[in-house]
Amino acid sequence: MEEKKIYDTIIIGSGPAGLTAAIYNFRADMKTVVVSGNQPGGQLTITTTVDNYPGFPNGTGGMKLMMDMMNQYKNLGGEIKSGLVKKISDLRSQISESGTNFEVEFEGGEKLLTKAVIVATGASAKWLGIEKEKELIGHGISGCATCDGMFFRDKVVAVVGGGDVAAEDAEFLTKFATKVYMIHRRDSLRAQIPQQKLVLNNPKIEMVWNSEVVGINDGSEAENLENIRIRNNQTGEEKVLEVGGLFVAIGRNPATGFAKELVEMSEDGQILTGRNEEYRTMTSLPGIFAAGDCTKVDYRQAIVAAGDGCRAGLDAEKWIKSQEN
Ligand code: NAP
């Protein structure tokens, strides 16, 4: 009977964190596979221009950057598998001598065996869910002010949300925009007090309280954002704001549901790492590592995710060796 292949690492996710971990593991002669998920390449594939990732004198496209990373891994000979992971099982209590620690089960039922797992599944922006929003992402609507802010120089823009990210985004955008509306559904901000003070005292930011965005490009079939309609949820009054940019900062959904029972997470599903001093990307379960936006990150940037992926790859390699000694 043919013996079942045992991977050293199964890397779940094909964004900058997953692919960087994979490049490091493959180059260390480890048996590695990347599970590419629903959106191969991850969140960056829906970003138009990336000009804050070092190494590209004229910037590059989000999709191109991710395809280049994927091809770098593939050209080394690395394996990529499409599909979604449903469950990870810890086999150590059942089989103690095989060297196999985990079984990774896919939605279709296929099962793979591995010594370690790196979860790099990312997070997706929460969107408002209103008409024309999806079509205009990348055409005036964005989920990342740090990435796209500079394309809105001398324009009027709006930010939706009242948390730390919305406040940081609003303040950051005043560097470029002539005016920033900060639209929040309540009459007080959730952001921390120092951050609140910065936005409330900035003359370029106009707070729009108790309001929700209910329409986009009213009466227009334009390919780029031209206006938003907002409704005051106390009075029902509606008005149209002419804006060239809309930054949606109402939170994120980490793609970690499949690991809920397995590793410790924050209330909103971010995987917790950083407790083990020797393996900083290790989760609460030894042998499972996590990197990038599916963890509790401070900066949601591709370069940070790539660095984190490098760390997870090296941590997994070192941890596997430690188990063999
Ligand atoms: P957040 O703190 O959960 O804030 C989300 C904001 O969006 C809230 O103001 C919420 O309104 C609003 N919102 C949610 N759903 C909405 C909807 N459908 N329509 C309109 N508004 C909606 O999320 P975040 O700002 O992304 O921050 C995530 C975490 O990272 C937080 O714990 C934050 O403190 C932390 N963070 C910290 C720092 C820092 O320390 N410098 C920087 C960035 C982020 P309500 O207030 O009414 O619920």
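How many residues of domain 1 are in contact with how many residues of domain 2? Eight residues of domain 1 touch nine of domain 2, where contact means heavy atoms within 4.5 Å.

## Basis

This is a predicted model, in which local features need pLDDT of at least 70 and side-chain atom pairs count only at pLDDT 80 or more, while totals for chains, interfaces and linings use all residues. Residues are numbered from 1 along each chain as its sequence is written, and side-chain values use heavy atoms, with hydrogens and water left out.

## Two domains

Domain 1 covers 6–124 + 252–324 of the protein chain, and domain 2 covers 127–248; these bounds come from an automatic or database domain assignment. The centres of the two domains, taken over C-alpha atoms, are 33 Å apart.

Between them, domain 1 and domain 2 bury about 670 Å², 49% of it on carbon and sulfur atoms. Buried area is the accessible area (1.4 Å probe) that two parts lose on being put together, summed over both. Across this interface the rule finds zero salt bridges (a side-chain nitrogen of Lys or Arg within 4 Å of a carboxyl oxygen of Asp or Glu).

## A sheet of three strands

Three antiparallel strands form an open sheet in the order β14-β15-β16. Its edge strands, β14 (211–216) and β16 (238–242), each pair on one side only. Strands are DSSP runs (E, at least two residues), numbered from the N terminus, and two of them pair if DSSP finds at least two bridges between them.

Five bridges join β15 (residues 227–232) to β16. Asn227 stands opposite Glu242 in β16.

How values were computed. Helices (H or I, at least four residues) and strands (E, at least two) are DSSP runs, numbered from the N terminus.
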